[in-house]
Amino acid sequence: MRVETVWLGRGGQGIVTATYIVANAAVIDGFYALANPEFGAERRGAPVKAFLTIDKSPIEDQEPVKTPDVVVIFDDKLIDTMRFAIDAVKPGGHVIVNTAKSPEEMKKIIGRNDVYLVLLDAVGIALKHVGLPVPNGPLAGAFSKVMGFPRLESIKTAFETQLGKAVEENFAATKEAYETALVVPPERVEQAAKPKGVISTTSAFLTGPYEIVGWPEVSKAGAVFPGSSLFYATGGWRLEKPVIDHSKCIMCRKCWMYCPDDAVVEAWKEVQGPRGRVFRMKVIDFDYQYCKGCAVCADVCPTGAIKMVREI
Ligand code: SF4
Ligand code: SF4
């Protein structure tokens, strides 16, 4: 029996810690486990992916998971960026999501009727028990509920070795998630059905087309295809977004010059003059698909026209 899982979220949400906790707890329960994190940008808020394989037999290969049995999503706002992983879940598998949205809404967003959806407000539960928006304990609890392992007691022991503090608080959050996570069964699972896609190591965080490639197709040094940054929607990393007050902007374009992602753009805006005449004015705007929320534009703006507004 082998269970292959992928855990997806943002830097700072405890994704890697969660896989280590579940791996340690599984080992306590007599399983073999292999947890491999894979980082994109080393930045808080940027997408992070971690693989966790659990098996009754020794795990010989160290390959990343390509078609998981379970995907755990730490932030429902990342679903579009990480749709590749949802498409790759085996029919009859599980998609565990930290979300406060309704099951109907999530069913539409996930777009698959052949997998189990496991929904819980993991951040709300963590805030209640731990006082921090770190959903890893509750998501470990939901995983234990639907898989039947590792046991809750083993997760608690893993908290002791992995965290070394706030063990009771984290365990209370894990237990509440175990008891309350909502499981929505699939509408139907075709017997010989295959996943809609695979997780490719060359396109882990792209939103565009992806496919697995063999070694003959990879260019020297493993470079990915030209123009791939177009598909690299860095907007998914954002925790705060820039918002502009046009009445303070003097169009000096310093924000445009300093933006590292070419996400400051010019747009036309209609404004009404004092005598009712409508003018078209050029204004500064942002391309939120690529704006990663670094706040450089707000820092360099000489008039304070740009403010950063929290999104998460
Ligand atoms: S926040 Fe950063 S990425 Fe976004 S527009 Fe400003 S400078 Fe560019
Ligand atoms: S730096 Fe500030 S004042 Fe200059 S164009 Fe950008 S928003 Fe306007």
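Mentor: Let us start with β6 and strand β7 (residues 182-184), which pair in the antiparallel sense over three bridges. Please keep in mind that the model is predicted.

Trainee: Which strand does β4 join, and by how many bridges?
Mentor: Strand β4 (residues 70-73) is joined to β5 by four bridges, and these strands run parallel. The bridge partner of I73 in β5 is V97.

Trainee: Why is β5 described as largely enclosed?
Mentor: A residue is buried if 20 or more other C-beta atoms lie within 10 Å of its own. Five of the five residues of β5 (residues 94-98) are buried, so the strand is largely enclosed by the rest of the structure. H94, I96 and N98 point one way from β5, V95 and V97 point the other way, and all are buried. The description also holds for β6, because four of its five residues are buried.

Trainee: How much of the chain counts as buried?
Mentor: Of its 312 residues, 38% count as buried. The chain has nine helices and eleven strands.

Trainee: What makes a group of residues a nonpolar core?
Mentor: The members must be buried nonpolar residues joined through C-beta atoms within 7 Å. The largest such core has 62 residues, of which L8, V71, I73, V95 and I96 touch the most other members. Helix α1 (residues 15-28) gives the most to this core, with nine residues. A second, separate core has twelve residues, including C255, V264, A305 and I306. In soluble globular proteins, nonpolar side chains tend to be buried together.

Trainee: Which residues does L8 touch, leaving aside those up to four places away in sequence?
Mentor: L8 touches P47, K49, V71, V72, I73, F74, L78, M82 and A85.

Trainee: Why is R253 called exposed, whereas A166 is called partly exposed?
Mentor: Exposed residues have 12 or fewer neighbours, buried ones 20 or more, and partly exposed ones fall in between. R253 has 12 C-beta neighbours inside 10 Å, so R253 counts as exposed. A166 has 17 other C-beta atoms within 10 Å and is therefore partly exposed.

Trainee: What makes the backbone at A166 and R253 worth noting?
Mentor: Most residues other than glycine have a negative phi, and most peptide bonds are trans. Phi of A166 is near 50°, a positive value, and phi of R253 is near 65°, also positive. A166 is in the loop between α6 and α7 (167-180), while R253 is in the loop between β8 (240-244) and α8 (254-258). The peptide bond from F149 to P150 is cis, with omega near -15°. P150 lies in the loop between α5 (136-147) and α6 (152-162).

Trainee: Which residues come nearest to ligand 2, and which are closest to ligand 1?
Mentor: Of the 13 residues around ligand 2, C249, C252, K254, C255 and C301 come nearest. Ligand 1 is surrounded by 13 residues, the closest being C259, C291, C294, V296 and C297.

Trainee: How do the residues around each ligand divide by class?
Mentor: The shell around ligand 2 has ten nonpolar, one polar and two charged residues. Around ligand 1 there are ten nonpolar, one polar and two charged residues.

Technical notes:
Residues numbered from 1 in each chain as written. Chains lettered and ligands numbered in written order. Predicted model: local features only at pLDDT ≥ 70, side-chain atom pairs only at ≥ 80, totals over all residues. Near = placed C-beta within 6 Å. Nonpolar A, V, L, I, M, F, W, Y, C, P; charged D, E, K, R; others polar. Helix = DSSP H or I, 4+ residues; strand = E, 2+ residues; numbered from the N terminus. Contact = placed C-beta atoms within 7 Å. Pairing = 2+ DSSP bridges.
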